[in-house]
Amino acid sequence: MFWLWYLLIGIVAGYIGSLVVKGSGSGLLLNMVVGMIGSVLGGMIFSLLGLKADNMLGSLITATVGAIVLLFIANLLSRKKSK
């Protein structure tokens, strides 16, 4: 049952991250992938800062921060590649 929550948190985090970075969502599947990778990235970032998410809201915040960082890095790399 927990995997379902992780998928839902990934979808929501990816969607919020897309809204912050791009201004629009990226579709259900891409939002989920970005959110899932973002949750791992956010977990590493928060771990380096000495922070830990203990509940669902903390997990959502961690995944959203990671998704924003991931999309920001992807945008930087795509701009360099197109020049």
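Helix H2 gives the largest share of the lining of the largest pocket, namely seven residues. The model described here is predicted. The protein holds three helices and zero strands, and its pattern along the sequence is α-α-α.

**The largest pocket**

- The space within the largest pocket amounts to about 270 Å³.
- Its lining is made up of 16 residues, and Ser39, Val40, Ser59, Thr62 and Ala63 are the ones nearest the centre of the pocket.
- At least two lining residues come from each of helix H1 (2-21), helix H2 (28-48) and helix H3 (56-82).
- Sorted by class, the lining of the largest pocket comprises eight nonpolar, seven polar and one charged residues.
- Rolling a probe the size of a water molecule over the atoms shows where empty space is left.

**Overall dimensions and surface**

- The radius of gyration of the protein is 13 Å, which agrees with the value near 12 Å that a compact globule of 83 residues would have.
- The C-alpha trace spans about 45 × 30 × 15 Å along the principal axes of the protein.
- The accessible surface of the protein is about 5,700 Å², and carbon and sulfur atoms account for 74% of that surface.
- Buried residues make up 23% of the 83 residues of the protein.
- When contacts between residues at least 6 apart in sequence are considered, 63% of them join residues at least 24 apart.

**Thr64 in helix H3**

- Thr64 is a residue of helix H3.
- The relative accessible area of Thr64 is 10%, and because buried means under 20%, Thr64 is classed as buried.
- With neighbours within four places in sequence set aside, Thr64 has contacts with Ala13, Ile16 and Gly17.
- Those contact partners of Thr64 fall within the span of helix H1 (2-21).

**Leu7 in helix H1**

- Leu7 is a residue of helix H1.
- Is Leu7 buried or partly exposed? The relative accessibility of Leu7 is 26%, so this residue counts as partly exposed.
- With neighbours within four places in sequence set aside, Leu7 is in contact with Met32 and Met36.
- Leu7 and Met32 are separated by 25 residues in sequence, while the C-alpha to C-alpha distance between Leu7 and Met32 is 6.8 Å.
- Met32 and Met36, the contact partners of Leu7, fall within the span of helix H2 (28-48).

Technical notes: Residues are numbered from 1 along each chain as its sequence is written. This is a predicted model: local features need pLDDT of at least 70, side-chain atom pairs count only at pLDDT 80 or more; totals for chains, interfaces and linings use all residues. Side-chain values use heavy atoms; hydrogens and water are left out. Helices (H or I, at least four residues) and strands (E, at least two) are DSSP runs, numbered from the N terminus. The radius of gyration is taken over C-alpha atoms; the globule rule is 2.2 Å times the number of residues to the power 0.38. Buried means under 20% relative accessible area, exposed over 50%, partly exposed in between (1.4 Å probe, protein chains only). Contact means heavy atoms within 4.5 Å. Accessible areas come from the Shrake-Rupley method with a 1.4 Å probe; for residues, only the protein chains shown count as cover. On a 1 Å grid over the protein atoms alone, a cavity is a set of points where a 1.4 Å probe fits but cannot get out, and a pocket is an open set with protein on both sides within 12 Å along at least five of seven lines; lining residues have an atom within 4 Å of a point. Grid points are joined across faces, edges and corners, and a volume is the space filled by probe spheres set on the points. Ala, Val, Leu, Ile, Met, Phe, Trp, Tyr, Cys and Pro count as nonpolar, Asp, Glu, Lys and Arg as charged, and the others, Gly among them, as polar.
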